[in-house]
Amino acid sequence: MQIVEIVKAINLNADLLILDEPTSSLTIKETEILFTNLRKFRDRGVTIIFISHRLEEVFEIIDRISVLRDGRYLGTFEASRITPKEVVTLIAGKELLKELEHRQSSEECACPEVVLAAKNLSRGKYFRNIDFELFQGEILGFYGLQGSGRTEIMETIFGMYKPESGEIYIKGKPVTIESPGDAIHKGLALIPEDRRRAGIFQNMDVKDNIAIIHKRGISKFSFMQKSKVFAIAAEYARKLSIKITGISQMVRQLSGGNQQKVIISRCLSTKPSILLMDEPTRGIDVGTKAEIFKILRKLKTEENLSIIIVSSELQEVVAECDRVIVMFNGQISGTLTGTDITKEKVLQYAFSGSANQI
């Protein structure tokens, strides 16, 4: 769908082309094709405004860069006279920059208890023979190219679809997860891949977006009093530092990063033991990314929360995960731990299904 919209815009033969996060759902190959065409249009005299949070792409395509933070214009710079690290510092500030560059030093998770496991899990054309374990207090990454089956595995574990074969275990016991509501009752929470389509309720305020899961009687803490719902929303808005005028502010008025914090707040309010996060930082600025990962590390260390992160952001996967599972054509092609988690090895498994074929 994204590539179709881009083609439609390009075919208008406009003098000015504005692209807002055009590569957010494109494959690497599609992005390369887009950039090749954008360079051709630039050479023909077309003016292009390219809005993106992906700095590696920004510096590949732009001539000048304008930086904004929290709605403030920080300046415009020639691409040849500023580095990506300097841009990150402008956006995030020095303290958050340190958080973003944080690298887990432990070789493997210190908590051996397996809280979630899949055994020979398969679902049609999407994925097959999936075996993995998630440890208590671990951040486990799933990386792979678009269509490799990562999202479909999370949706199946969360009860949105039924597997054709295989088993799911929670704390050593085989379970059948009938629905997302059932998954929540079993201690799981899911942050969906597309927050606008499946995550937020645009016509509701922040309070109702956070507390709706309780008001509808889906969570373990069903049918709370109105005052309790209000208190929950206020508590998580404060804990996650959501930038709002108040919890009655409409969620559609928030930035993408703050909308994502609202979704995370909703999930955390159910007190899950396992948090599934699908592309949690897509379309989010560098500073908010650092804040979110700081929150996740705190939840991991202080509350022993077990987290699975599905991400197309290679730097995040390498920097933030204790272990990384790499997908290739619907199957697990490799599992990396500790110092083996490098960009090169992750990409080798993602592109070829083997660490020795590139």
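Select α11 (286-303): this helix gives the largest share of the lining of the second largest pocket, seven residues. Helices here are DSSP runs of H or I of at least four residues, strands are runs of E of at least two, and both are numbered from the N terminus. The model is predicted, and local features need pLDDT of at least 70, side-chain atom pairs pLDDT 80 or more, while totals for chains, interfaces and linings use all residues. Residues are numbered from 1 along each chain as its sequence is written, and side-chain values use heavy atoms, without hydrogens and water.

Next, show L268, I295, K298, L299 and E303, which lie nearest the centre of this pocket among its 22 lining residues. A pocket is an open set of points on a 1 Å grid over the protein atoms alone where a 1.4 Å probe fits, with protein on both sides within 12 Å along at least five of seven lines; lining residues have an atom within 4 Å of a point.

Now colour the open six-stranded sheet, ordered β10-β11-β12-β7-β13-β14 with mixed pairing; strands pair if DSSP finds at least two bridges between them. β10 (188-191) and β14 (331-337) each have a single partner strand, so one side of each lacks a neighbour in the sheet. Zoom in on β10 and β11 (residues 274-278), parallel strands joined by four bridges; L188 has I274 as its bridge partner in β11.

Return to α11, which packs on the sheet and touches β7 (139-144), β11 and β12 (306-310), contact meaning heavy atoms within 4.5 Å.

Conventions: Axes fitted to C-alpha atoms, helices over the stretch in contact; angles between N-to-C directions.
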